[in-house]
Amino acid sequence: MTSLFQLLRRHVSVDDANILLSSVDIPAVLRGEADATASRAVIAQALNLLLLHDLLNRSAASRAYFDDLLQSGGQLRFDHGALRTIDMADMGSLPAGEEAITRILRPLGYDMAELYPLDRLRMTGRSYRHQDFPADIPQFFVSELHVDRFSAAFVQAAARVTASSTDPLDADSLSALQILTDSHKLPVPQAAELLGPLVRCFSRRHAVPALDDYEILLAESAEMAWISTEGNAFNHATDRVGNIDAVVAVQRDAGRAVKKAVEISRSGRVRQTAFLADKVERDFTSHGQIIRRIVPGSFFEFIERDPLPDGSGIDLSFDTGNAQGIFKMTAAAASANTTA
């Protein structure tokens, strides 16, 4: 029994584990690793697959796309997952900003690859690439929203939303991460146990937000409003495709809402587009009661990467303009919110 399968089946059903392993393009060396210990690369791959599984359960359009791949016998080339963090001091017991996530990524073998100022959004993006399998294990695109660049009312609302944040990493999890940092591997049972808290780091860690606070945040930042309901969950996951125009045509023929334009990087080597964000129901507090409202959820993205001119491999970079264009997928859905 492979290490990767053992890690997955601890957290999803056997059927779901087999589907993930058969439908996602995974390097043979990781797929075949079978030992008493799991390498950091296999643990990183398992985490990405579990986060993909979570996204598919939260986004109907993403699930429909994935199911089409299954039926056609195709495979997902999982390029990257993107998530949002908040750069502010009062985050309850959760570390501020991207540290809430990068403290996990570093022990798993990730290094920061590039920094992307997202000035229109008052955010900063950073890409994290795996040291051992940079082109094959999904990257993470981690963005930080700078609360201090907004109004005083916004800062106060953000503080009220995030003050209840809790940290899913306990002493045992932190100890396992330190062992992983030092030795680059963990015994399979310990790695499987660690994955539970790691997955929970990619979720909403604060209490149900107040509707009044949500509306204050939404007036200045669709991104912060999204974080208030979704937290650090994957905003989107991405399939690396060979012909993005052909993929878009198929998805439009299937009646799925795809972004009108394909974003093209300044180099011309990276092309991206995405589904519009799903609309989901979320709870809010209002005058002592819980109410539900339709808000933007997550979505699926498509990216086409051309080779680098020097022949050293494909262009694994991102582009500030592309990223800000993709971020509009949730902002566009936010503008159409209605009360349920």
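A cavity here is a set of points on a 1 Å grid over the protein atoms alone where a 1.4 Å probe fits but cannot get out, and its volume is the space filled by probe spheres set on the points, which are joined across faces, edges and corners. To find the largest cavity, select Ile86, Met91, Leu94, Ile227 and Asn232, the closest to its centre among 14 lining residues (lining means having an atom within 4 Å of a point). That lining has seven nonpolar, six polar and one charged residues; Ala, Val, Leu, Ile, Met, Phe, Trp, Tyr, Cys and Pro count as nonpolar, Asp, Glu, Lys and Arg as charged, and the others, Gly among them, as polar.

A word on ground rules: this is a predicted model, so local features need pLDDT of at least 70 and side-chain atom pairs pLDDT 80 or more, while totals for chains, interfaces and linings use all residues. Numbering starts from 1 along each chain as its sequence is written, and side-chain values use heavy atoms, with hydrogens and water left out.

Next, colour by secondary structure: 13 helices and twelve strands, taken as DSSP runs numbered from the N terminus (helices H or I, at least four residues; strands E, at least two). Eight strands make an open, mixed sheet, in the order S3-S4-S5-S2-S7-S12-S9-S8; strands pair if DSSP finds at least two bridges between them. S3 (110-118) and S8 (263-264) sit at the edges with a single partner strand each, so one side of each has no neighbour in the sheet.

Now select S2 (residues 78-87) and S5 (residues 139-146), which run parallel and share eight bridges. Alanine 82 stands opposite phenylalanine 141 in S5.

Move to S3 and S4, antiparallel and also joined by eight bridges. Tyrosine 110 faces histidine 130 in S4. Four residues separate the strands of this hairpin, where arginine 122 takes a positive phi near 55°.

Finally, zoom out: the C-alpha atoms fill a box of roughly 55 × 50 × 40 Å along the principal axes.

Note on methods
1 Å grid on protein atoms, 1.4 Å probe; cavity = no way out; pocket = protein on both sides within 12 Å on 5 of 7 lines; lining within 4 Å.
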